[in-house]
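Please open the model in your viewer and keep the sequence panel beside it. The stops below say what to select and what is to be found there.

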Amino acid sequence: SSLRLSVENAWLYSELKGQSDEINLLKEFNENIIENINLGIVVLSGLNIIRTWNNSMELKFKIPADKAINKKAFTVLGSDLWKKIHKLEKGISYINNVSVEIDDETLIFDIYTSPLKDSMNKRVGTILVFDDVTEKIFIQNQLITSEKLASLGLLSAGIAHEVNTPLTGISS
């Protein structure tokens, strides 16, 4: 009887160890996704304390994760940016083209917020996603400038043609 119990305990321990290893692999896999995604991801607690600050946030904001995690979002993100984020309604929201000054460089972000809920559907925090659209905005502005210059060229050519037609007749 004690031998059977020992064998059963060993089997249960083996099963538990396997499940624990699988959970750890899934946890590591999910953390790798969050760390390596090309978007800045910040997870805030219900008291707006930073719990997650991924690699993209480190690169864009030039603040290491250990300097951001467990700090108030207000102090890490700065008061101007925090006021814009904090004004967003509860639920899934976003703000476009938010300019952020970082070391004498202006970056433009689209910022998305989403509530973080537990298994009981109770709000326990907020997820912030920062999408750097600086290059996209720059290219759009270049395209608009090119279109304006092309239109100006067409207008100039049209005016030159209209002026040149009567001059040709007069010179003949």
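Begin by selecting helix 5 together with the elements around it: its buried residues (buried meaning under 20% relative accessible area, exposed over 50%, partly exposed in between, with a 1.4 Å probe and protein chains only) pack against strand 1 (40-45), helix 2 (55-61), helix 4 (73-77), strand 3 (93-102), strand 4 (105-117) and strand 5 (123-132). Contact here means heavy atoms within 4.5 Å, while helices (H or I, at least four residues) and strands (E, at least two) are DSSP runs numbered from the N terminus.

Before going further, note that this is a predicted model, in which local features need pLDDT of at least 70 and side-chain atom pairs count only at pLDDT 80 or more, whereas totals for chains, interfaces and linings use all residues. Residues are numbered from 1 along each chain as its sequence is written, and side-chain values use heavy atoms, with hydrogens and water left out.

Now show the side chains of helix 5, residues 79-86, where the buried residues are Leu81, Trp82 and Ile85. These lie on the same side of helix 5 because they cover an arc of only 100° around the axis, the arc being that of the directions from the helix axis to the C-beta atoms. Turn to the face pointing away from this buried side, and you will find the exposed residues Asp80 and Lys83.

Next, select Leu128, which lies in strand 5. Is Leu128 buried or exposed? Leu128 counts as buried because its relative accessibility is 0%. Setting aside neighbours within four places in sequence, the residues in contact with Leu128 are Gly40, Ile41, Val42, Leu44, Leu77, Ile85, Tyr112 and Thr113; one of them, Ile85, is also among the buried residues of helix 5.

Finally, zoom out to the whole protein chain, which has six helices and five strands in the sequence pattern α-β-β-α-α-α-α-β-β-β-α. Its C-alpha atoms fill a box of roughly 125 × 35 × 30 Å along the principal axes. Of the 172 residues, 24% count as buried.
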